[in-house]
Amino acid sequence: DYESFTGGQRPDDGPPAPLAVLTAAQRITAQQLQEKLAAAAEAAGGGAADGSAGCRDTLQQGPLLLDVRPPEQFAIMSVPGAVNVPYLRFDQRFAEVLQLCGAVQPAAEPAAAEKHPAADRPAAAVGAAGAAHVASGGSNASSQTKGSVERSERAVYVMCRRGNHSQLAVEQLRAAGVRAAVDVIGGYEAWAAQVDKGMPIL
């Protein structure tokens with residue numbers, strides 16, 4: 001249906017107003033993304049000069065291109081090498097996203113029952129790991145997945161159709177400790193205008 005395809009937008013909504021929740025240092029242009037992907041492909045031992053071919057193998061070890069559009073759009077067209085985690089499922093899949101980003105969750109403190117094995121306490125009484133929450137403006141953090149991370153060394157480039165959901169995703173990632181996460185300004189519309197003029201925009 002239309003709303004699923006557009007990520008919740010209704011037919012009469014019109015284009016959403018552009019957001020501006022990140023600093024200039026936390027965003028790059030589509031042209032800059034192309035250059036970074038091409039450089040990563042070359043450093044990994046090959047790839048197209050335009051950064052659009054041979055990216056999939058490169059991104060598994062180098063930068064991560066995270067596509068947060070609805071899966072219906074991703075199935076039709078995407079930048080080669082992109083990994084799809086829809087923004088509307090970001091909370092549910094946040095632990096997976098952190099792993100993709102190369103983030104490391106800090107080890108949890110042993111629960112009381114684990115510190116004192118002799119204590120006869122049911123397993124259900126043991127506190128859950130990762131109870132820390134990220135409180136960032138506009139972020140709806142999940143209590144099970146949004147704990148801070150110790151480090152994230154992988155460059156993470158986030159795209160959506162126009163650059164709104166990608167900004168929100170980057171905001172959440174950076175709040176969780178993924179400091180290398182950046183937004184691609186204008187998303188796929190900018191990629192089609194600046195890099196691949198033959199790419200359809202859905």
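1. Let's start with the surface. In this predicted model, the protein chain has an accessible surface of about 10600 Å², and carbon and sulfur atoms account for 52% of that area. Of the 202 residues in the chain, 42% are buried.

2. On the overall fold, I count along with you: eight helices and seven strands. If you look at contacts with a separation of 6 or more, 66% of them are between residues 24 or more positions apart.

3. Next, the inside. The largest nonpolar core has 22 residues, and Leu66, Val68, Phe90, Val156, Val158, Leu173 and Val178 are those with the most contacts inside it. At least two residues of this core come from each of β2 (64–67), α5 (94–100), β6 (156–159) and α7 (165–175). Helix α7 gives the largest share, four residues. There is also a second, separate core of 17 residues, with Leu37, Val79, Ala82 and Trp191 among them.

4. Strand β2 deserves a look of its own. Leu64 and Leu66 point one way from β2, while Leu65 and Asp67 point the other way, and all are buried. This strand pairs with β6 in the parallel sense over four bridges, and Asp67 has Met159 in β6 as its bridge partner. Strand β2 also runs parallel to β3 (residues 83–84), joined by two bridges, with Leu66 partnered by Val83 in β3. Between β2 and β3 the chain passes through helix α4 (residues 71–76), and this β-α-β crossover is right-handed.

5. Now the charged pairs. The structure holds five salt bridges. In one of them, the side chains of Arg27 and Asp183 meet at 2.7 Å, N to O. Arg27 belongs to strand β1 (residues 27–28) and Asp183 to strand β7 (residues 181–184), so this pair ties together parts 156 residues apart in sequence. Are these two residues buried or exposed? Both Arg27 and Asp183 are buried.

6. Arg161 lies in the loop between β6 and α7 and Glu189 in helix α8 (residues 187–194), so the pair ties together parts 28 residues apart in sequence. Glu189 also forms a salt bridge with Arg162, at 3.3 Å, N to O. Arg162 is in the loop between β6 and α7, so here the parts tied together are 27 residues apart in sequence. Relative accessible areas are 22% for Arg161, 25% for Arg162 and 32% for Glu189.

Methods
Residues numbered from 1 in each chain as written. Predicted model: local features only at pLDDT ≥ 70, side-chain atom pairs only at ≥ 80, totals over all residues. Heavy atoms only, no water. Buried < 20%, exposed > 50% of the residue type's maximum accessible area, 1.4 Å probe, protein only. Contact = heavy atoms within 4.5 Å. Areas by Shrake-Rupley, 256 points an atom, 1.4 Å probe, with all protein chains shown as cover. Core = buried A, V, L, I, M, F, W, Y, C linked by side-chain atoms within 4.5 Å. Pairing = 2+ DSSP bridges. Right-handed = clockwise from strand over helix to strand, strands pointing away. Salt bridge = Lys/Arg side-chain N within 4 Å of Asp/Glu carboxyl O.
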